[in-house]
Amino acid sequence: MRREAITSAQNPKIKELITLQEKSRTRREKGLFVVEGKRELGHCLDGGFSVHSIFICPEIAGSEYIEELTARIEDMHMECSMFEIPSYLYDKVAYRSGTEGIIAEIKSRERKLGDLKLSDNPLVMVLESVEKPGNLGAVLRSADAAGADAVIICDPLTDLYNPNLIRSSIGAVFSVQAVSASSEDTLEWLERNGIRIYTAQLQDSEWYYDTDMTGGTALVMGTEATGLTQFWRDAADAHIRIPMLGILDSLNVSVSAAILLYEAVRQRKHIGQ
């Protein structure tokens, strides 16, 4: 692994790092995204992603961690560069505080619907046009915890490698099969795989706990502001809703997703899934 010290914020490598953090267009063009933090990078490597460059602050990360990380990357036969930066420069480039002195540029990996590997009894979360990276990241975290097969983002308004999404998912974006696709392609894929479609909506719906989720299940949710489009409402095998006993008529999409995912877990536990 090639090592180099960087001390100036004007260094081209530092400027590129900041641009990758801030602009999705640059991430797409260069095929790179940014991961901060020891835990997040660990999940990223566990997921089989390849490292392009590492920016590390020895004062914060510690020599023991640097040795362990170097050995792991070498064992994985990755060719990458490590740039050592002082704490004052790390504070300028870190997207958030408390990330333990490690930032990495990672090579993007595009996954398509056809690449998804499903269990015998799949549980899939489908999100339509979810805009906030934090919400999407939280859904991915719940999907990982519930053992969902995949999360499909239809007609996305944010990219999967947004730094806020990676942070809020705590690395679940690397452990859960996540893919972006059009609603039309997703519907065709679900039907081809025999997966029933349940849309979360207030209108013409039944209680979620009265819905059979013991077979192949896709839980489909839209944005908090506008909900699902008519496309998905018409495609659904059933419409489901969560009881709202107060004056508000909706929950945060990530909270709703967690409730529905764990209802599927509860039901499947009774049939030995």
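Contact here means that heavy atoms lie within 4.5 Å of each other. I wrote that down before anything else.

**Entry 1: ground rules**

I am working on a predicted model, where local features need pLDDT of at least 70, side-chain atom pairs count only at pLDDT 80 or more, and totals for chains, interfaces and linings use all residues. Residues are numbered from 1 along each chain as its sequence is written, and side-chain values use heavy atoms, with hydrogens and water left out.

**Entry 2: Thr211**

I looked up Thr211 in the loop between strand 10 (206-207) and strand 11 (217-221). Helices (H or I, at least four residues) and strands (E, at least two) are DSSP runs, numbered from the N terminus. Is Thr211 buried or exposed? Thr211 is buried, with a relative accessible area of 4%. Buried means under 20% relative accessible area, exposed means over 50%, and partly exposed is in between (1.4 Å probe, protein chains only). Which residues does Thr211 touch? Neighbours within four places in sequence aside, I found Tyr198, Glu206, Ile240 and Gln267 in contact with Thr211.

**Entry 3: the whole protein**

I counted twelve helices and twelve strands in the protein. The radius of gyration is 21 Å, close to the 19 Å from the globule rule for 273 residues, so the protein is as compact as a globular protein of that length. That radius is taken over C-alpha atoms, and the globule rule is 2.2 Å times the number of residues to the power 0.38. Along the principal axes, the C-alpha atoms fill a box of roughly 60 × 40 × 30 Å. Buried residues make up 50% of the 273. I also checked the contacts with a separation of 6 or more: 82% of them join residues 24 or more positions apart.

**Entry 4: helix 7 and helix 12**

Two packed helices are described by the angle between their axes and the distance between the axes. Axes are lines fitted to C-alpha atoms, for helices over the stretch in contact, and angles run from 0 to 180 degrees between N-to-C directions. Helix 7 (residues 133-146) packs with helix 12 (residues 253-269) at about 15 degrees, and their axes are 9 Å apart. That makes the two helices roughly parallel. Angles under 35 degrees count as roughly parallel, over 145 as roughly antiparallel, 65 to 115 as roughly perpendicular and the rest as oblique. The crossing of helix 7 and helix 12 is right-handed. A crossing is right-handed if the near helix is turned clockwise from the far one by less than a right angle, and left-handed if anticlockwise.

I listed who makes the contact. Helix 7 brings residues including Ala138, Val139 and Ser142, while helix 12 brings Ala257, Leu261 and Val265 among them. By class, the contact has eleven nonpolar, three polar and no charged residues. Ala, Val, Leu, Ile, Met, Phe, Trp, Tyr, Cys and Pro count as nonpolar, Asp, Glu, Lys and Arg as charged, and the others, Gly among them, as polar.

**Entry 5: helix 3 and helix 5**

Next I took helix 3 (residues 38-46) and helix 5 (residues 63-75), whose axes come within 12 Å and cross at roughly 15 degrees. These two are therefore roughly parallel to each other. Helix 3 passes helix 5 in a left-handed crossing. From helix 3, Lys38, Leu41, Gly42, Leu45 and Asp46 meet Tyr65, Leu69 and Arg72 of helix 5. This contact has four nonpolar, one polar and three charged residues.

Which residues of helix 3 are buried? I noted Glu40, Leu41, Gly42, Cys44 and Leu45. Their cover includes strand 2 (32-36), strand 3 (51-56), helix 5, strand 5 (102-107) and helix 9 (172-175). After helix 3 comes Gly48, with a positive phi near 85 degrees.

Most residues other than glycine have a negative phi. I found His77 with a positive phi of about 55 degrees. His77 sits in the loop between helix 5 and strand 4 (81-84). His77 is exposed, with a relative accessible area of 72%. Ser129 also has a positive phi, near 55 degrees, and lies in the loop between strand 6 (123-128) and helix 7.

**Entry 6: Glu4**

Glu4 belongs to strand 1 (residues 2-5). At 30% relative accessibility, Glu4 counts as partly exposed. Not counting residues up to four places away in sequence, Glu4 touches Met82, Phe83 and Glu84.
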